[in-house]
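Here is a brief report on a predicted model. It takes the overall fold and then the sheet.

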Amino acid sequence: LAVFSSQGCGICRALAPAVAAFARDPRVTVRTFDEVRDADAWAAADAPGSPFAVALDADGTVLAKGTFNTGAQLESVLATAERRRGALRA
């Protein structure tokens with residue numbers, strides 16, 4: 001799970017505990033990308049703003065992405081990715 005955030009984003013700061021909770025899940029690898037420090041990654045992902053998440057499979061295939069404003073919305077990105085991963089296996 002790639003999470004795009006920026007230092008000046010109050011929503012990003014408020015959601016940091018939710019992102020950290022997902023990172024503690026052994027089934028999820030979370031990497032965060034700062035808008036300034038990781039500008040190249042932002043450009044490569046075409047991140048429209050923050051907070052934004054991209055869920056990828058182990059091969060780097062994008063399964064789901066979207067802007068999120070709550071932990072539940074971030075969970076929805078992961079749930080969509082899981083459904084799509086299952087569909088690709090079928």
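## Fold and dimensions

From the N terminus, the protein chain runs β-α-β-α-β-β-α. The radius of gyration is 13 Å, close to the 12 Å that the globule rule gives for 90 residues, so the protein chain is as compact as a globular protein of that length. In total there are 3 helices and 4 strands.

Along the principal axes, the C-alpha atoms of the protein chain fill a box of roughly 40 × 25 × 20 Å.

## The sheet

The 4 strands form an open sheet. Their order is S2-S1-S3-S4, and the pairing is mixed. Strand S2 (31–34) and strand S4 (62–67) are the edge strands, each pairing on one side only. From one strand to the next, the twist averages 15°.

Strand S3 (residues 52–56) pairs with S4 in the antiparallel sense, over 5 bridges. Within this part of the sheet, Ala53 has Gly66 in S4 as its bridge partner.

## Helix against sheet

Helix H3 covers residues 71–89. Helix H3 lies across S3 and S4 and runs at about 160° to S4.

## Contacts and surface

Consider contacts in the protein chain with a separation of 6 or more: residues 24 or more positions apart account for 54% of them.

Of the 90 residues, 33% count as buried. The accessible surface of the protein chain comes to about 5600 Å². Carbon and sulfur atoms hold 52% of that surface.

Methods. Residues are numbered from 1 along each chain as its sequence is written. This is a predicted model: local features need pLDDT of at least 70, side-chain atom pairs count only at pLDDT 80 or more; totals for chains, interfaces and linings use all residues. Side-chain values use heavy atoms; hydrogens and water are left out. Two strands pair if DSSP finds at least two bridges between them. Helices (H or I, at least four residues) and strands (E, at least two) are DSSP runs, numbered from the N terminus. Axes are lines fitted to C-alpha atoms, for helices over the stretch in contact, and angles run from 0 to 180 degrees between N-to-C directions. Contact means heavy atoms within 4.5 Å. The radius of gyration is taken over C-alpha atoms; the globule rule is 2.2 Å times the number of residues to the power 0.38. Buried means under 20% relative accessible area, exposed over 50%, partly exposed in between (1.4 Å probe, protein chains only). Accessible areas come from the Shrake-Rupley method with a 1.4 Å probe; for residues, only the protein chains shown count as cover.
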